Amino acid sequence: MAENKKCAHPSCQCQARADSKYCSPYCEAAGTTTEIQCNCGHPECSATTTV
Ligand SMILES: [Zn+2]
Ligand SMILES: [Zn+2]
């Protein structure tokens, strides 16, 4: 069963990778720093409208 866990970056809407708390190196670098918007580049975060 796939484990759905959100990226640990507070501003990120993506699912984290299986081997990481984060979805991308960007979020890994940002860590738990709260940002206005995530810039990881994934569609979930690029979209201005939240689904
Ligand atoms: Zn993101
Ligand atoms: Zn992320």
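Donors are N, O and S atoms within 2.8 Å of the metal (3.2 Å for Na, K and Ca), and sites may look incomplete since water is not among the atoms. This is a predicted model, in which local features need pLDDT of at least 70 and side-chain atom pairs count only at pLDDT 80 or more, while totals for chains, interfaces and linings use all residues. Residues are numbered from 1 along each chain as its sequence is written, chains are lettered from A and ligands numbered from 1 in the order in which they are written, and side-chain values use heavy atoms, with hydrogens and water left out.

C12 bridges two metals, the zinc ion (ligand 2) and the zinc ion (ligand 1), which lie 3.5 Å apart. Ideal angles for four tetrahedral donors are 109.5 degrees.

C7 lies in the segment before α1 (25-30) and C27 in helix α1, so the pair ties together parts 20 residues apart in sequence. Helices here are DSSP runs (H or I, at least four residues), numbered from the N terminus. Both C7 and C27 are buried, meaning under 20% relative accessible area with a 1.4 Å probe and protein chains only.

K21 also lies in the segment before α1. K21 is exposed, with a relative accessible area of 54%, the cut-off being over 50%. Leaving aside neighbours within four places in sequence, K21 is in contact (heavy atoms within 4.5 Å) with K6, C7, A8 and A16. The C-alpha atoms of K21 and A8 are separated by 5.6 Å, although the two residues are 13 residues apart along the chain.

Conventions. Helices (H or I, at least four residues) and strands (E, at least two) are DSSP runs, numbered from the N terminus.
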